[in-house]
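Please read the following briefing alongside the sequence and the structure. It covers backbone geometry, helix packing and the ligand site.

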Amino acid sequence: MLSKAFTARAHTNIALIKYWGKKDQELILPMNSSLSLTLDHFYTDTEVYFDQALKQDVFYLNEEKQNVSKVTQFMNIVRRQAGLKVFAHISSTNHVPTMAGLASSASAYAALAMAASQAAGLQLSRRDLSRLARRGSGSACRSIYGGFVEWQRGHDDQSSFASPIEENTNWNICMIAVVIDKARKKISSRLGMQRVVETSPFYTAWMKSTERDLAAIKEAIKKRDLKKVGTIAEENAMKMHALNMSAHPHFSYFEPASIAVMHLVELLRSEGICCYYTLDAGPNVKILCSVEDSTRILDRLAARFDKEQLLVARPGPGVHLINK
Ligand code: 2P0
């Protein structure tokens with residue numbers, strides 16, 4: 001017997017205030033709260049149905065069969081919540097340009113949380129969906145919502161979830177992703193953040209200053225102050241990367257081209273263009289700017305990068321069901 005199939009679409013998100021460190025690895029409870037912007041162009045579609053004939057979960061990503069261990073761990077949580085003992089057929093498509101190297105666990109687990117919980121007959125509130133997505137990947141709890149989203153760290157499974165700040169923002173901003181390297185990360189975010197928590201002498205300072213950054217950026221978002229939002233986001237990202245460089249053994253996600261883009265953004269700023277960068281657990285640089293300025297910025301980037309390396313995204317929606 002098969003359950004009804006459900007397909008969910010979730011968009012990826014980029015943190016302006018970074019999540020970097022866990023206080024509970026199993027429940028994925030973060031050390032600090034974070035804030036992100038959900039993007040429109042990059043998303044994952046995931047279809048789930050339960051099938052009594054299956055002996056284990058089956059997972060296809062972009063039509064290729066995958067190892068299921070991490071996905072099965074997540075599906076076990078869904079099965080436990082629903083009181084189900086049946087395995088599932090899961091099929092995901094990543095709608096991120098192949099070159100992007102931005103494919104993210106955030107959109108993946110947000111889409112899976114919604115499709116799997118629906119197929120299992122659970123009618124979860126958005127808050128509970130966010131808590132569930134968090135168990136797959138921390139940043140996924142923020143992709144339940146569109147626009148600007150805050151993940152309040154909380155102190156246990158119940159209290160750690162994301163909430164929307166401005167779901168349908170009408171702010172004319174965009175993010176330019178400069179794709180520098182699509183190769184697999186040298187050090188996974190999971191490992192990187194754990195090493196930082198355990199060894200960086202600056203971690204306590206990070207916690208304190210991130211709390212201040214979060215409060216300040218929320219104020220700046222409310223006021224539509226791009227200069228302030230960008231400055232806080234850029235500084236917060238640099239503090240996260242400083243943690244990596246202060247870990248033991250130290251590491252960095254920067255490549256020479258990442259630094260070149262950062263310098264270009266600083267140069268453009270000195271010429272009066274309001275733009276700011278942020279980097280995650282990889283060398284790609286994301287530039288926050290107004291839609292109006294994006295053409296000028298793209299022109300300057302085009303002198304150094306191919307067209308396929310420059311992707312532009314605007315604020316996007318939260319997770320939702322789609323008909324296939
Ligand atoms: C973020 N990153 O806030 C931070 C900034 C990368 C740099 O969340 O271990 O894939 O699955 O909870 O969510 C990437 O880490 O890590 C991430 P897990 P996740 O977006």
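A residue is called buried if 20 or more other C-beta atoms lie within 10 Å of its own, exposed if 12 or fewer do, and partly exposed in between, with C-beta atoms placed from the backbone. The model is predicted: local features need pLDDT of at least 70, side-chain atom pairs count only at pLDDT 80 or more, and totals for chains, interfaces and linings use all residues. Residues are numbered from 1 along each chain as its sequence is written. Helices (H or I, at least four residues) and strands (E, at least two) are DSSP runs, numbered from the N terminus.

**Backbone geometry**

- Most residues other than glycine have a negative phi, and most peptide bonds are trans.
- Arg224, in the loop between helix 5 (203-222) and helix 6, has a positive phi of about 55° although it is not a glycine.
- With 13 other C-beta atoms within 10 Å, Arg224 is partly exposed.
- Glu63, in the loop between strand 5 (58-61) and strand 6 (64-65), also has a positive phi, near 70°.
- Glu63 is exposed, because 8 other C-beta atoms lie within 10 Å.
- His248 and Pro249 are joined by a cis peptide bond, with omega about -5°; Pro249 belongs to the loop between helix 6 (226-245) and helix 7 (256-270).

**Helix packing**

- The axes of helix 1 (residues 69-82) and helix 2 (residues 105-119) come within 10 Å and cross at roughly 35°; axes are lines fitted to C-alpha atoms, for helices over the stretch in contact, and angles run from 0 to 180 degrees between N-to-C directions.
- Phe74, Met75 and Val78 of helix 1 meet Tyr109, Leu112, Ala116 and Ser117 of helix 2, where contact requires C-beta atoms, placed from the backbone, within 7 Å.
- Helix 3 (residues 126-136) is mostly covered, with eight of its 11 residues buried.
- Leu129, Ser130, Arg131, Leu132, Ala133, Arg134, Arg135 and Gly136 are the buried residues of helix 3, and they pack against helix 1, helix 2 and strand 9 (161-166).

**Ligand site**

- The ligand is surrounded by 14 residues, and the closest are Ala15, Tyr19, Ser137, Gly138 and Ser139; a residue counts as near if its C-beta atom, placed from the backbone, lies within 6 Å of the molecule.
- Domain 1 (6-170) and domain 2 (173-313) both contribute residues to this shell, so the ligand lies between them; the domain bounds come from an automatic or database domain assignment.

Key:
Two residues are in contact if their C-beta atoms, placed from the backbone, lie within 7 Å.
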